[in-house]
Amino acid sequence: MGIKWDEFFITGDPLILGAQISIALTMIGIVFGLTYLKKWNWLWTEWITTVDHKRIGIMYIISAVLMFFRGGVDGLLMKAQTSRPEMEFLSSQHYNEIFTTHGVIMILFMAMPFLIGLMNVVVPLQIGARDVAFPQLNALSFWLFFSGAMLFNISFVIGGSPDAGWTSYFPLAGKEFSPSIANNYYAIALQIAGIGTLMTGINFIVTILKMRTKGMTLMRMPMFTWTTLITSVIIIAAFPIFTVALALMTFDRLFGTHFFTVSGGGMDMLWANLFWLWGHPEVYIVALPAFGIFSEVIATFSRKSLFGYKSMVYAIVGIALLSMLVWVHHFYTMGSGPAVNSFFSITTMLIAVPTGIKMFNWLFTMRKGRIKMTTAMLWSLAFVPCFTIGGVTGVMLAMGAADYQYHNTLFLVAHFHYVLIPGVVFAVFAGLYYWWPKMFGHLLNEKLGKWHFWLFVIGFNVTFMPMFFLGLSGAARRTYTFSAESGFAPLFLLSAMGSIVLAAGFAVFCYNIYWSLRYADRNISSDPWDARTLEWATATPVQHYNFAKLPEVKSLDAFWFMKKNNEGLTLKDSEIEEIHMPSNSGQPFIMCVLFGISGFFLVFEWSIAAAVAALGIFAGLIYRSFDYNDGYHIPVDEVRETELSWRNKKGEAHKHVS
Amino acid sequence: MSANVNTSLPLEYQSGQSRMNILGFWIFLGAEIALFATLFGVYAVLSGRYAGGPTHQDIIMIREVMIQTILLLTSSFTCGLAIFEMRRGNKNELIMWLVITLLLGAGFLYMEINEFIHYVHIGASMQTSAFLSSLFVLLGTHGAHVTFGIGWAILVIIQLIKRGLTSVTARKVFIIGLYWHFLDVVWIFIFTFVYLKGLVL
């Protein structure tokens, strides 16, 4: 019972009051709108209870875009605060909270769900399957992520946001130095979302290993599927470490144990080690699928097979192995000693080798290709130089001795933004422009897309390039202000101006979604990009059973060669069969609500109430154990009707090869 | 998926969905290994940090621990017998061995809870020192898994009674068998690296 009632809602800050009012108004607006349009039933049956991997993917992506907005506003607030010396826009406490939530939200609630959303939409299609291995578990994964994200997001209006950095190092994050409940949000919301991620990992490993269509050997899988597989393996290896670390943090904060405390024999460095044992692989969990997206986009728009396919596979496996062996490079300065630092310097630099192989493979894929400058391709092209800057500064940081100069400066901040923005954000944008028709049946506007691209890329470089130089001249990260005498002012101002351009790019992106949803041409081919992989071998948007007849694969880039040889594309009436599909279920959503309630009580340290709510979670599990619903069959007539509705259109897939 | 039935395999492997569930569970156990490995790592780091509190030799109850070990190892054996009977299609024997397994598991749990109460009673609680924090959480996580497994197995037994031995119930029994053996393996590591090591070092 660690909280006073008058501290329950955060009061006294006009920004937060505004946020509270806008949240209340938005919620009233949504409830009113749904009631007025009589959409409650539609929302429940079509979306909330869905187990369709494509819809789950779309819900992941929508959540990720919303979280991108939230995290982006955090970023803009920080940039506004540091735009001039001695600014008093945010207090130091508020600044601490904002850089913490910015980091957590962008990595765990934006980058991960964005990529997992694209995996959900694309991977089953790429391997020629009708769904993932465990459709209902997939829905549960999404809803657990959603529950964790919502719990984390309410922290800034109820009870206070975590303020110890996204790394939440002890002893700062412990009860002794952060006595308020704010950091409980970190421990518990991430725990809930993490369980969902772990299940996603299991789901995709089984899906990819067991549900590939006939003829698709491992070495014929599209690169995005490969990276999803390896990412899932890293998730299985790394996320349990975070689960334990967060659980121990919860015990320390709620039940007075001594894992990471200063007193009682605890060891604060243990947290740093556990956190980065998960945290570094986490970087590759988000980077590898992004690499997969670039591989697909570059091959498609260079109109060539991916160069060095096998070396790409070995490179991602190598990156996955090395990702587990580099965690100490996050704290060279915290007393590991020269021998340990040298070891981790070497392993860290080794990562540049497989990454470099991938870079050259992409470049060689483009060499002598007939490159089409679509928006998706532009993102991939911009990725190459921007990510290389991030990579090279990474090798600089990898040197243990030199790191004493860069550690905890803005140089580091610039470095990881140069890795994560080109490496992940450019990738999800490329993937979104590329796969958008698969989800919605129309393209995103290419002209607006180019505005989005140029504003975003220029804004990104103007924002983060100055931070390298600020860091080298000694500007420390996570400091809420600086003096005029420091001489940092011009570069900080430049960086702040860049962030406005960056935000404008994001605004154009949102407008593009709105414009395209309203006005874009719906009469497009099922294969608008003349693509190479199986997700394009079916209708656009995809019918809910994916494939009437499961395709047969004879080579890499299966669909490309199907088009070339004009085989396997038509569907004879005799080939249409009943299709077995899983039934919808409300259980995952109810579990999400129960996890959310239980987690909320636990944040406020009302253990008994949390335990009572947890009984509901067990009830949900018991219900699931007794649930013998075996799905349903789509009758032949319905399949025939659906297939006729898209197959006889103009621009049918096999008329397309150029 | 329903087309993917292979009747030459054991009952629990016959449907395509069951094969996927079993593989998925193996991968889940892989995640569990990472989880327990982390807890063992934490214990290894903190096990010497008594902070002026009781040491391991002060509190260890080796006779009780031996009995716990025998109970749990025997339960793993009876669990194996249950799967053996399942493969022979004997539903009643299967249920009997499962119930015996759970009784042995419950006995283990009863003794472990008593052990915890005893520790707290002699002033060795989770809040006393880093060593005890890590000891309680490592043992407690294992114990919570056993508790969860007992509750889960009871649900499966009810389904066995209601529905008989089908490819679905057989798969559920098989998976819980995997889980139970896994907990046994974890206990062997706890016995070695917590109790035996605590006895001699």
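How much area do chain A and chain B bury between them, and what share of it is on carbon and sulfur atoms? I found about 3100 Å² buried between chain A and chain B, with 76% of it on carbon and sulfur atoms, where buried area is the accessible area (1.4 Å probe) that two parts lose on being put together, summed over both.

I noted that this is a predicted model, in which local features need pLDDT of at least 70 and side-chain atom pairs count only at pLDDT 80 or more, while totals for chains, interfaces and linings use all residues. Residues are numbered from 1 along each chain as its sequence is written, chains are lettered from A in the order in which they are written, and side-chain values use heavy atoms, leaving out hydrogens and water.

I then looked up the contact (heavy atoms within 4.5 Å), which takes 36 residues from chain A and 38 residues from chain B. On the side of chain A, A:Phe259, A:Phe626 and A:Tyr628 lose the most area to chain B, together 19% of what that side buries.

I next checked for salt bridges (a side-chain nitrogen of Lys or Arg within 4 Å of a carboxyl oxygen of Asp or Glu), and the count between chain A and chain B is 0.

Last, I turned to A:Ser525, which lies in the loop between helix H16 (489-519) and helix H17 (558-565) of chain A, helices being DSSP runs of H or I with at least four residues, numbered from the N terminus. A:Ser525 counts as buried because its relative accessibility is 13%, and buried means under 20% relative accessible area (1.4 Å probe, protein chains only).

Note on methods
Helix = DSSP H or I, 4+ residues; strand = E, 2+ residues; numbered from the N terminus. Buried < 20%, exposed > 50% of the residue type's maximum accessible area, 1.4 Å probe, protein only.
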